[in-house]
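Please look at the sequence and the structure shown here before reading on.

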Amino acid sequence: MASEPGLREKGKAIILVVDRDPHVRELESHFLDQAGYTVAFEQDGNVALAQARKIVPDIIITEILVPKLDGLALCRELKADPRTCDIAVLVFSILAAAGRAREAGADAFLMKPLAEHTLVGTVRQLLEARSARIRRTQHER
């Protein structure tokens with residue numbers, strides 16, 4: 001778990017992956033680590049929500065079908081909380097649920113199976129958009 005106190009000092013974007021499939025987590029870990037990101041994992045939505053509030057990752061990648069609090073409910077909770085509303089959420093699923101993901105507040109949706117260039121490219125786009133949004137918000141204050 002990547003929740004140690006010095007995590008932000010490393011200067012890498014932090015990505016919290018919420019997926020119950022160990023093979024998918026292993027692939028995502030490899031792809032995202034190779035792209036230079038710090039990656040943390042959770043297997044259920046409730047624990048992921050608590051972890052998100054604790055470490056405030058830059059991006060959360062969540063499968064829809066995770067136990068206790070599904071990925072769409074997790075997305076709604078994150079976007080409704082002022083502490084976590086700026087976290088970019090990527091819903092990644094085998095289900096054709098792009099519309100439902102958007103309605104839940106997701107910033108992006110990808111269909112499984114996992115494709116390295118698509119995953120890493122989407123993460124880069126989300127990080128750029130998040131940075132621009134935060135800069136605009138700070139400038140407006």
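The model is a predicted one, in which local features need pLDDT of at least 70 and side-chain atom pairs count only at pLDDT 80 or more, while totals for chains, interfaces and linings use all residues. Residues are numbered from 1 along each chain as its sequence is written, and side-chain values use heavy atoms, with hydrogens and water left out. Helices (H or I, at least four residues) and strands (E, at least two) are DSSP runs, numbered from the N terminus.

## The sheet

Strands of a sheet pair through backbone hydrogen bonds, either parallel or antiparallel. Here, an open sheet of 5 strands has the order E2-E1-E3-E4-E5, with parallel pairing, where two strands pair if DSSP finds at least two bridges between them. E2 and E5 are at the edges with a single partner strand each, so one side of each has no neighbour in the sheet. On average, and with direction ignored, neighbouring strands of this sheet are turned by 20° against each other; such angles run from 0 to 180 degrees between N-to-C directions, and the axes are lines fitted to C-alpha atoms, for helices over the stretch in contact.

| Strand pair | Bridges | Sense |
|---|---|---|
| E1 and E2 | 5 bridges | parallel |
| E1 and E3 | 4 bridges | parallel |
| E4 and E5 | 4 bridges | parallel |

Within these pairs, Val17 has Phe41 of E2 as its bridge partner, and Val18 has Glu42 of E2, whereas Ile15 is partnered by Ile59 in E3. Leu90, in turn, stands opposite Ala108 in E5.

How many residues of E1 are buried? In strand E1, 5 of its 5 residues are buried, and buried means under 20% relative accessible area, exposed over 50% and partly exposed in between (1.4 Å probe, protein chains only). Ile14, Leu16 and Val18 point one way from E1, while Ile15 and Val17 point the other way. Strand E2 (residues 38-42) is mostly covered as well, with 4 of its 5 residues buried.

## The helices

E1, helix H1 (residues 22-34) and E2 form a right-handed β-α-β unit; right-handed here says that, with the strands pointing away from the viewer, the path from the first strand over the helix to the second runs clockwise.

The axes of H1 and helix H5 (residues 116-140) come within 10 Å and cross at roughly 60°. H1 is therefore oblique to H5, since angles under 35 degrees count as roughly parallel, over 145 as roughly antiparallel, 65 to 115 as roughly perpendicular and the rest as oblique. The contact (heavy atoms within 4.5 Å) is made by Glu28, Phe31 and Leu32 of H1 together with Glu116, Leu119, Val120 and Val123 of H5.

Most residues other than glycine have a negative phi, and most peptide bonds are trans. Val56, however, has a positive phi near 45°; Val56 is found in the loop between helix H2 (45-55) and strand E3 (59-62) and is partly exposed, with a relative accessible area of 28%. Lys68 also has a positive phi, of about 70°, although it is not a glycine, and Lys68 lies in the loop between E3 and helix H3 (71-80), where its 69% relative accessibility counts as exposed. Finally, the peptide bond from Lys112 to Pro113 is cis, with omega near 15°, and Pro113 has its place in the loop between strand E5 (108-111) and H5.
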